[in-house]
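I opened this model to take notes on chain shape, chain contacts and helix packing. My entries follow in the order I looked things up.

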Amino acid sequence: MSRAVIAGPRDKLPQCIEVLHELKLIHIVDHHGEDDTFRIGKPLAPAAELSDNLVKLRSIASILAIKAPPKEKERIRIEELRQKVLSLELNISEEDAARKKAEGLLGDLERRIDELRPFASIGLPLEAYRGYESLTVIVGRVARDIPGFEDPMPVAEVFRGPGVVAVFVPKASSEQALALLGQSGLTQVDIPAGEGSPQALLDAAVADRDKWKARLEEIQGRLEKMRERYAAFVVAAEEALEVEVDKAEAPLRFAVSDHSFVIDGWVPSSRLGELGANIADLGVYSEFGDKPKADEDVEPPVLLKNPKPVKPFEMLIHLYSTPNYHELDPSLFMLVAFPVFFGFMIGDAGYGAVFLMFGIIALRWLPKESDFRRLILIIALGGFWAFAFGLFVYGEAFGLVFHLPPGAPPEELSWDMFGLHFPLEALIHKTLNIGEMFYISILFGALHLGTSYAMGFVNEIGHSRKHAVAKIGWFLCLFGIFTILTRTLSWTRVGGWVWNTALAWFPRTLEPWGLGNLLGIGIPLVSVVLIFAAFLGLVESPIAPLEIGGLLANLLSYLRLAGIGIAKATIASTFNTLIFHSFIIEHDALTSVAGFFLLFLAHVVIFLLGGVSAAIQGVRLNYVESFTKFFRGNGTIFRPFGVREPLGV
Amino acid sequence: MPDPMAALSAALTMAGTGIATAWAEKVVGGATVGAMAEKPELFVRGLILMVIPETIILFGVLIAFLLLSHVG
């Protein structure tokens, strides 16, 4: 990124905005500091009218309930827009007012009908309920009938309808009557306004309601037709207007004096020439700076540039934090680390193939810009590694090993038993070679953390030498811890190879102070010296040496790779053994069908649980263990003027 | 030398660290969901804090594994 400053006379501002908006190249830095000469600019003249149009259009879109963009877009001419929006608004607001009126009336009528219905079933004219001086009239719905009401209250006169009762009692007895009626679950209703037969009033209200219902449907039909006719226009016009408003309001982000303007921003360095050539003819002055150095106190926006396969991983990076301009983009690092971890944890050719299949489906059928598609693609890449690990390392598909290893429990099943002989031999059996699984996890951890420190060193070297030296110290400390763990686990095949072949040059002399006896393991002298390299961290923070324990915890945290791998394989193998022995092998056809159904359900559960836990743990190892070693983030995404969404240039 | 108490110790280690992890995650998880209701962008920070206690049970697994070598 390079700093770009464009200045010119105020009358050139509209053309300048037009060109910059078209180019989509400059990330504008908003002008804040007001002084006597330069103030924040005022919107261009058409801004008020454009905004007004936009508000009207949005209200039209909301009345017509236009949501999804139509397939065909209309071409919009801004000059004709005002007239069209006004006439459309007039039409629609008339229909909308009619609809609101009809809906209001319908609501009133429904209430009137509800009020009248109990009175219609009693049959007395409405005026009979009012106008008494010595009588109280109680009308209400009752849950149960009140057969013997008149016995304790001979003074009362009762009229009944289905579920309704009207009681006329002298005022003095009204309390007693209410108490009695309360026992039958009375809910009182108000006496509706009006006179005459409630049945006739009810009939009239129902007829009215039906009439208004038909009218409302008619209005809605007309609105529906309008929606079909104008949806394309409304969506296209809204988009076009948003662009115009964006342009008209752009001066709010610039510094403007009485006669001139200054636009400040960032431009990708490789495209400075293009910007310069395009604004040269406008008669404005432009000045471009060099790329900012790492120790400069400026924060240009960040445009992540990655090859296509790495793109989905940018989502995981932004979820944590956008990298700042002066540090390495960890997307590529994550592309390698996350899928390998995922694959190691799942480690099953069958599940891996299913994850891959979902990936292919997402690639072909899901919309390109959706986060869901990116997520599935990330997982599918993990699925590829799971497939590879399952096929070549663990010799396992859907929890069943290809061939039974020596020492396997007698009830365990293998693909061989079903007549499928894979020509591949397993290198590691997850539940029998736990030591191997542990060591490989630690090896992955050491590689992952080591790379993180290396990236941390690169990030810091241009920024602060002190911090860079601390990273070297931590790298050496990690290596020291790793050598002790490798020596301890050198009885495993992978550990043995690393210790005896890859680390054959490493001095074997043990430390002389008896630390190893205390812990029950041998500790090479050089490892101890390397661990003390953590004291280089003192240049960064006085409590750095205490962090050695933290680093050991970080490294052991990678044991979760083995833990989840073994747990998932054990659950799958347990389900297989249980269901095959209890339902399928040597059982009749019907039980077998039920068994296969159960087996399918069990594998769906393992697939989902395994996928979720492996994905979360894989992400966590990156976020918690690794990113904290080198990644600061807090960057700003490059969002050039003219682009509504963050996009690549 | 085979040591039956080692098997019991391994089981206790797993149970203890399992309960400890669950308890810690319950506390963090509850607070995270509460915080996310107000600020959904705290999801990632919450997720990270939420899975940190899992390291406890991993150490449990490691110690249980070391103990198992004494079971015979």
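**Entry 1. Shape of chain B.** I began with the radius of gyration of chain B, which is 17 Å in this predicted model. A compact globule of 72 residues would come out near 11 Å. I then looked up the extents of the C-alpha trace. Along its principal axes, chain B spans about 55 × 15 × 10 Å. I also checked burial: 19% of the 72 residues of chain B count as buried.

**Entry 2. Elements of chain B.** I listed the secondary structure next. Chain B has three helices and zero strands. Read from the N terminus, the order is α-α-α. I then sorted the contacts of chain B that have a separation of 6 or more. Of these, 76% join residues 24 or more positions apart.

**Entry 3. Where chain B touches chain A.** How many residues of chain B are in contact with chain A? I found 11 residues of chain B, and they meet 13 residues of chain A. On the chain B side, the elements that give two or more residues are helix H2 (43–51) and helix H3 (54–68). H3(B) gives the most, with seven residues. I sorted this side of chain B by class: nine residues are nonpolar, one is polar and one is charged.

**Entry 4. H12(A) and H16(A).** I turned to helix packing in chain A. Helix H12 covers residues 465–488 and helix H16 covers residues 547–556 of chain A. Their axes come within 10 Å and cross at roughly 60°. An angle from 65 to 115 degrees would count as roughly perpendicular.

Which residues of H12(A) and H16(A) meet? From H12(A) they are Trp474(A), Cys477(A), Leu478(A) and Ile481(A). Facing them from H16(A) are Ile548(A), Leu551(A), Leu552(A) and Leu555(A). By class, I count eight nonpolar residues in this contact, no polar and no charged ones.

**Entry 5. H8(A) and H11(A).** Helix H8 covers residues 331–346 and helix H11 covers residues 434–461. The axes come within 12 Å, with a crossing of roughly 165°. Angles over 145 degrees count as roughly antiparallel. H8(A) and H11(A) are therefore roughly antiparallel to each other. The crossing of H8(A) and H11(A) is left-handed.

I wrote down the residues that make the contact. H8(A) brings Phe333(A), Ala337(A), Phe341(A) and Phe344(A). H11(A) brings Phe444(A), His448(A), Thr451(A) and Met455(A). The classes here are six nonpolar, two polar and no charged.

**Entry 6. Trp499(A).** Trp499(A) sits in helix H13 (residues 493–502) of chain A. Is Trp499(A) buried or exposed? I counted 21 other C-beta atoms within 10 Å of Trp499(A), so the residue is buried. The cut-off for buried is 20 or more.

I then looked for its partners, leaving aside neighbours within four places in sequence. Trp499(A) is in contact with Thr486(A), Arg487(A) and Ser490(A). For Arg487(A) I also took the C-alpha distance. Trp499(A) and Arg487(A) are 12 residues apart along the chain, and their C-alpha atoms are separated by 6.3 Å.

Notes
Residues numbered from 1 in each chain as written. Chains lettered and ligands numbered in written order. Predicted model: local features only at pLDDT ≥ 70, side-chain atom pairs only at ≥ 80, totals over all residues. Contact = placed C-beta atoms within 7 Å. Helix = DSSP H or I, 4+ residues; strand = E, 2+ residues; numbered from the N terminus. Nonpolar A, V, L, I, M, F, W, Y, C, P; charged D, E, K, R; others polar. Axes fitted to C-alpha atoms, helices over the stretch in contact; angles between N-to-C directions. Rg over C-alpha atoms; globule rule 2.2 N^0.38 Å. Buried ≥ 20, exposed ≤ 12 C-beta atoms within 10 Å, placed from the backbone. Parallel < 35°, antiparallel > 145°, perpendicular 65-115°, else oblique. Left-handed = near helix turned anticlockwise from the far one by under 90°.
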